[in-house]
Amino acid sequence: GMSRRAKAFAITMMLVFGTLSIVLTRDRTLIAAAIAVLLVIGFWYILFRVPTRERELERRRNTELSRG
């Protein structure tokens with residue numbers, strides 16, 4: 001999994017460069033909208049689907065403890 005710090009950095013960079021891209025393509029509405037949609041999908045994926053390292057390590061520890 002990713003560390004919380006790496007997730008925060010990735011999301012921040014996505015928001016900064018995604019917003020910049022949207023601003024620079026605002027005269028091309030379809031492209032700006034596509035960038036916005038992809039930005040939301042990427043944000044959601046990193047936030048909810050990519051496990052954090054801390055949670056993954058805790059899950060592994062709990063699995064090992066339950067096995068004996």
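Residues count as buried under 20% relative accessible area, exposed over 50% and partly exposed in between, with a 1.4 Å probe and protein chains only. On that scale Arg28 comes out exposed at 53% relative accessibility. The model is a predicted one, so to speak of local features requires pLDDT of at least 70 and side-chain atom pairs count only at pLDDT 80 or more, while totals for chains, interfaces and linings use all residues. Numbering starts from 1 along each chain as its sequence is written, and side-chain values use heavy atoms, with hydrogens and water left out.

Arg28 sits in the loop between H1 and H2; helices here (H or I, at least four residues) are DSSP runs, numbered from the N terminus, as are strands (E, at least two). From Arg28 to Leu39 the chain runs 11 residues, and their C-alpha atoms are separated by 17 Å.

Two packed helices are described by the angle between their axes and the distance between the axes. Here the axes of H1 (residues 4-24) and H2 come within 10 Å and cross at roughly 175 degrees, with axes taken as lines fitted to C-alpha atoms, for helices over the stretch in contact, and angles running from 0 to 180 degrees between N-to-C directions. That makes H1 roughly antiparallel to H2 (angles under 35 degrees count as roughly parallel, over 145 as roughly antiparallel, 65 to 115 as roughly perpendicular and the rest as oblique). By class, the H1 contact with H2 has 12 nonpolar, 4 polar and 1 charged residues; Ala, Val, Leu, Ile, Met, Phe, Trp, Tyr, Cys and Pro count as nonpolar, Asp, Glu, Lys and Arg as charged, and the others, Gly among them, as polar. On the H1 side the residues in contact (heavy atoms within 4.5 Å) include Lys7, Ile11, Met14 and Leu15, and they meet H2 residues including Ile35, Leu39, Phe43 and Ile46.

Ring pairing is brief to report. Rings of Phe, Tyr and Trp (its six-membered ring) pair if their centres lie within 6.5 Å, and planes under 30 degrees apart count as stacked, over 60 as edge-to-face and the rest as tilted. The count comes to 1 aromatic pair. The rings of Trp44 and Phe48 have centres 6.5 Å apart and planes at 45 degrees, so the pair is tilted. Both residues belong to H2 (residues 29-49), 4 residues apart, or about one turn of the helix. Trp44 is partly exposed at 45%, whereas Phe48 is exposed at 56%.

The loop between H2 and H3 (53-67) holds Val50 and Thr52. Val50 is buried at 19% relative accessibility, and Thr52 is buried at 6%. Not counting residues up to four places away in sequence, Val50 touches Met2, Lys7 and Tyr45, while Thr52 is in contact with Gly1, Met2, Arg4 and Lys7. Val50 and Gly1 are 49 residues apart in sequence, yet 6.7 Å apart in space, C-alpha to C-alpha.

Ser3, in the segment before H1, is buried at 16%. Beyond its neighbours within four places in sequence, Ser3 is in contact with Arg53 and Glu54. Further along, Thr63 lies in H3 and is partly exposed at 28%. Thr63 and Ile31 are 32 residues apart along the chain, with their C-alpha atoms separated by 46 Å.
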